[in-house]
Amino acid sequence: MILDTMEQNIVQFITDNILFFLPLVTIGIVSTIILYFTGKKDDKNRDNKDADFHIILLNRNFNYFFLIYLFIFFMMMLIGFLSKFYLATIIGGCIAVIPSIVLLLVEYTAILNKENAL
Amino acid sequence: MIYLKINQNFGEQTQFLFFFIITILIVWLVLVLFSYRRYGWKRTTMYFLPMIIAALFIESAGVASGRYYYPGYLLYLSVVGGGVPLIIVLAWSANLFLFLHIGKYVTLKFYDRHNYLQIILISFLAGIIGVCLDLLEDPIAHHNNWWIWAGSLRGVKFFEVPIINFVGWFYLIFFMSVATILIERSSFSENRKVLISISSISITGIVIFLTHGATLKLFQMIGLA
């Protein structure tokens with residue numbers, strides 16, 4: 001069924017093998033519709049505040065997910081420099097550090113707003 | 001076509017693959033344990049399993065189409081002909097969970113209304129953060145042969161990585177985030193949420209397929225891909 005094609009894009013690949021994907025997709029859609037319309041709605045919604053999870057490190061409060069992001073970032077930077085791929089590592093690093101800066105700014109603004117409100 | 005393969009030549013053709021795998025494994029374990037202790041196993045399944053399945057299909061199709069391949073890993077899985085390392089599939093599930101939560105955290109700082117716009121904002125931020133990290137990770141991965149892009153691919157590249165790859169990253173994380181939050185916020189029982197999160201991959205998959213396909217056509221028209 002799956003064709004031996006070289007260097008297509010994924011969209012072309014799926015289109016060429018539509019007979020394989022179509023039944024899977026149909027089963028998925030039908031079961032989603034059945035699950036959606038036959039279910040009892042009895043669960044209470046939870047709030048998004050689950051993402052606001054901090055841990056204390058060096059007497060400072062850090063967002064847990066932010067620390068994991070930084071861990072991946074530093075590991076990638078380290079590997080990039082060890083493999084002597086300097087330019088791409090520096091440019092990629094400058095781009096990848098942007099979310100961290102935004103996160104710090106957001107935290108800082110929130111603290112300022114809190115202080116102003118008091 | 002569907003297979004599980006163990007490669008006996010671990011690390012062949014690659015550099016620092018062990019460090020990459022250890023990094024991903026630590027991140028995945030830390031996030032899964034966090035999710036399990038905070039939300040329980042049903043929610044953890046809802047957060048991680050759909051992305052594992054979606055990534056398996058997309059990555060397997062990507063390898064089978066000949067655009068890239070993964071040399072030197074230990075354990076390979078395939079569903080549509082292309083072998084995908086298990087760790088790559090796990091990495092995708094960790095990506096979604098991580099970026100989704102960072103997106104939620106940042107969005108809530110400036111927009112705390114519980115509506116569809118908030119879902120779009122969270123998912124958009126999750127996608128952007130994912131792309132930012134991939135702009136660092138993908139060139140290093142290609143340089144160290146953790147995955148190798150076919151040299152004959154046309155279009156604009158960022159250190160040998162086609163830019164359409166980054167668009168793909170954004171769409172995958174964005175649409176999977178939207179689906180995950182919609183299911184998470186629905187009023188169904190936890191069991192049903194798990195089932196819907198798995199069955200709805202087909203719907204999210206179609207949306208990703210159509211959006212990515214349209215973007216690709218556009219990129220081809222203007223010579224970017």
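**The contact between chains A and B**

Chain A brings 55 residues to the contact and chain B brings 60 residues. Two residues count as in contact if their C-beta atoms, placed from the backbone, lie within 7 Å. This is a predicted model: local features need pLDDT of at least 70, side-chain atom pairs count only at pLDDT 80 or more, and totals for chains, interfaces and linings use all residues. Residues are numbered from 1 along each chain as its sequence is written, while chains are lettered from A and ligands numbered from 1 in the order in which they are written.

Helices (H or I, at least four residues) and strands (E, at least two) are DSSP runs, numbered from the N terminus.

Chain A also splits into domain 1 (6-40) and domain 2 (53-117). These bounds come from an automatic or database domain assignment. The C-alpha centres of the two domains of chain A lie 38 Å apart.

Now turn to chain B. Here 3 strands form an open sheet in the order S1-S3-S4, with antiparallel pairing. Strands S1 (3-6) and S4 (84-85) of chain B stand at the edges, each with a single partner strand, so one side of each is left without a neighbour in the sheet. Strands pair if DSSP finds at least two bridges between them. S3 (residues 75-78) of chain B and S4(B) are joined by 2 bridges. B:Leu77 has B:Val84 as its bridge partner in S4(B).
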